[in-house]
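This briefing goes through one protein model by topic.

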Amino acid sequence: MTMTDKTRQDIPQHKPRPMVDLLVSILLPSIILMKFSGDQDLGASLALIVALAFPVTWGLFELIRYRKYNFIAILGVVSVFLTGGIGLLELDPQWLAVKEAGVPGLIGLAVLVSTRTRYPLIRTLLYNDRVLNVQRITQRLEERGAVEIFDLRLLRATYFLASTFFFSSVMNYILAKWIVVSPAGTAAFNEELGRMTLVSYPMIAIPTMVMMMAILFYLWRTIHGLTGLKMEEIVAQPADSKASEQS
């Protein structure tokens, strides 16, 4: 066993925890902003700091614990810091709308630009070993001489993926302009920010997740059609299952 293999084994496997993510990144910050921003409670500035500390701490924990040093995770942490900066520096709320639109917009542009590089972001987000059995898929594509066709369809899926981020960008801007109208640094601004965070989940996050699932379904249909592999052969297996198969 090489040092590289040992290092990889020492890194804990990341397991999605959507309920924890929802609680830490959305529910708790929103409650603090809406209920504890008054002068008789934490005050506008301290409430904003406490609320944003939850997603920042959780995001940094994920980055350090699971070594997930990727562009999108880092951009998420930066986004929270920008939100805090706008509130604490008492900037025009217009900047919040720009920031809310800018973050997913930048990701969408990065997805498009990455198609011109050796490391397209769609492979990082969807077509990777954590989601799909890339090794088996690649082997079957090569056997059937379908690599070029698959690459073209993967490029099409990349455009679909970028469109989901652009959709999120437009919706974020509209939502921020509609809800957050009070001056930054006030209790009303914090309450509106908390309300926007809550509303953005059903209005933006869920439709975006549905679009992501549609892209995954498109990839599955493409892979199944070109390789003939079944669903259980396409989807990535847990590490324990792979180990038992190899033994």
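Confidence in this predicted model is highest in helix α8, with a mean of 89, and lowest in helix α11 (residues 239-246), where the mean is 45. Across the protein the mean pLDDT is 75, and 73% of the residues reach 70 or more.

- Where pLDDT is low, the predicted coordinates should not be read in detail.

**Helix α5**

- Helix α5 covers residues 94-114, which makes 21 residues.
- From first C-alpha to last, α5 reaches 30 Å, close to the 30 Å expected at 1.5 Å a residue.
- The helix has a kink of about 25° at Gly102, shortly before the proline Pro104.
- Buried residues of α5 include Leu96, Glu100, Ala101, Val103, Pro104 and Val111.

**Asn172 in helix α8**

- Asn172 sits in helix α8, which runs over residues 147-179.
- Asn172 has a relative accessible area of 11% and is therefore buried, the cut-off being under 20%.
- Beyond its neighbours within four places in sequence, Asn172 is in contact with Glu100, Ala101, Pro104 and Ile204.

**Aromatic pairs**

- The model has two aromatic pairs.
- One of them joins Phe160 and Tyr218 edge-to-face, at 5.6 Å centre to centre and 80° between the planes.
- Phe160 belongs to helix α8 and Tyr218 to helix α9 (residues 187-227), so this pair ties together parts that are 58 residues apart in sequence.
- Phe160 is partly exposed, with a relative accessible area of 37%.

**Nonpolar cores**

- The largest nonpolar core has 25 residues, and Val111, Tyr127, Ile137, Phe150, Leu161 and Ile223 touch the most other members.
- Helices α5, α6 (121-125), α7 (134-144), α8 and α9 each supply at least two residues of this core.
- The largest share, six residues, comes from α8.
- Ile223 is in contact with Tyr127, Leu132, Ile137, Phe150, Gly228 and Ile234, leaving aside its neighbours within four places in sequence.
- A second, separate core has 16 residues, among them Val56, Ala97, Ala184 and Met196.

Notes
Residues numbered from 1 in each chain as written. Predicted model: local features only at pLDDT ≥ 70, side-chain atom pairs only at ≥ 80, totals over all residues. Heavy atoms only, no water. Helix = DSSP H or I, 4+ residues; strand = E, 2+ residues; numbered from the N terminus. Buried < 20%, exposed > 50% of the residue type's maximum accessible area, 1.4 Å probe, protein only. Contact = heavy atoms within 4.5 Å. Expected span 1.5 Å × (residues − 1). Bend = angle between axes of the 7 residues up to and from the residue. Phe/Tyr/Trp six-rings, centres within 6.5 Å; stacked < 30°, edge-to-face > 60°. Core = buried A, V, L, I, M, F, W, Y, C linked by side-chain atoms within 4.5 Å. pLDDT = per-residue confidence, 0-100.
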